[in-house]
Amino acid sequence: MTTLRIATRKSPLALWQSEHVAAGLRRAHPGLEVVLVPMSTRGDEVLDRSLAAIGGKGLFLKELELAMQRGEADCAVHSLKDVPMELEPGFALPAILERADAADAFVSHRFDDIAALPHGACVGTSSLRRQAQLRALRPDLQLRDLRGNVNTRLAKLDTGDYDAIVLACAGLQRLGFQARIRSRLQPPDWLPAPAQGAIAVECRDDDPGVHALFAALDHMPTRVCAEAERAMNRALDGSCHVPIAAYAQLEGEHLHLQGLVGSAIDGRIVRAQADGRADAREALAWGVAQSLLAQGAGELIGAAR
């Protein structure tokens with residue numbers, strides 16, 4: 001293969017991530033031509049309703065997968081946190097790149113952190129996971145939906161629509177907005193979405209040539225942690241309709257996994273954590289999920305749906 005075509009969403013962050021992957025490929029395979037195929041997805045186009053209401057984060061993938069099936073692209077690049085726990089048949093993830101900052105970011109012009117917000121302040125986020133954790137910390141806050149790409153969300157904050165917003169640190173850092181982060185919301189007190197901060201490459205599972213090209217970009221420690229987090233979510237039958245958070249840390253062969261399920265309505269939170277071996281991450285994830293269910297996570301998940 002002399003040319004590789006990467007399907008990507010058109011948002012600035014998606015284009016940055018795809019260029020990042022393309023640069024890694026060019027370094028690993030001198031002489032390989034890598035071109036981007038920017039596309040618009042339904043998840044990008046429908047901004048007046050929550051993702052949960054229009055079908056979930058899988059909407060960011062569907063058009064890119066169709067492009068691969070039609071032969072218009074060889075692979076696609078995604079934020080792994082947007083990739084459904086179960087891929088569509090016929091697709092695989094040949095590479096998960098080294099994870100960036102997995103934390104969430106508190107962004108505000110006037111306030112340093114969540115505790116500093118005045119009573120009844122308005123905070124923007126469409127993530128049920130973030131809403132649940134905000135409600136648990138500050139039940140007095142007004143939580144309002146916030147959709148659109150990173151630049152659009154920052155612009156809405158800048159026009160005074162919100163007192164603060166919550167975004168992913170990784171996205172802000174990748175686009176040069178590091179200075180907008182007032183405080184990091186991080187483990188163990190605050191948990192991110194499963195696989196937040198990681199970039200994944202998707203391709204057809206019957207294309208070994210493409211798989212081979214990406215072997216050099218796959219970062220095994222990130223893959224181990226991301227697979228543990230996603231396995232926990234899968235064991236809970238999770239999706240973007242449900243406020244589920246997970247974070248895994250790998251030290252040698254030792255894996256520590258924290259999980260959380262919450263309610264975006266009343267801020268109820270259940271937590272669990274466990275330790276195990278990296279090569280037994282599916283079993284570890286299952287155990288954390290069962291502990292969450294034993295504490296009532298099933299009721300919270302059912303209510304969210």
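Before we start, one cut-off: a residue counts as buried when its relative accessible area is under 20%. Keep in mind, too, that this is a predicted model.

Now take Cys122. Its relative accessible area is 8%, and buried means under 20%, so Cys122 counts as buried.

What about disulfides? A disulfide is a covalent bond between the sulfur atoms of two cysteines. How many does the structure hold? The count is zero. Cys225, for one, is in no disulfide, and the nearest cysteine sulfur, which belongs to Cys169, sits 17 Å away. For a pair to count, the two sulfur atoms would have to be within 2.5 Å.

Next, have a look at strand 3, which spans residues 75-79. Is this strand largely enclosed or left open? Five of its five residues are buried, so the rest of the structure largely encloses strand 3. In a regular strand, side chains alternate between the two faces of the sheet. Here both faces are covered: Cys75, Val77 and Ser79 are buried on one side, while Ala76 and His78 are buried on the other.

Which strands does strand 3 pair with? One partner is strand 1 (residues 3-9), which runs parallel to strand 3 and is joined to it by two bridges. In that pairing, Ile6 has Cys75 as its bridge partner. Strand 10 (residues 199-204) pairs with strand 3 too, in the antiparallel sense, over five bridges.

Terms used: Residues are numbered from 1 along each chain as its sequence is written. This is a predicted model: local features need pLDDT of at least 70, side-chain atom pairs count only at pLDDT 80 or more; totals for chains, interfaces and linings use all residues. Side-chain values use heavy atoms; hydrogens and water are left out. Buried means under 20% relative accessible area, exposed over 50%, partly exposed in between (1.4 Å probe, protein chains only). Helices (H or I, at least four residues) and strands (E, at least two) are DSSP runs, numbered from the N terminus. Two strands pair if DSSP finds at least two bridges between them.
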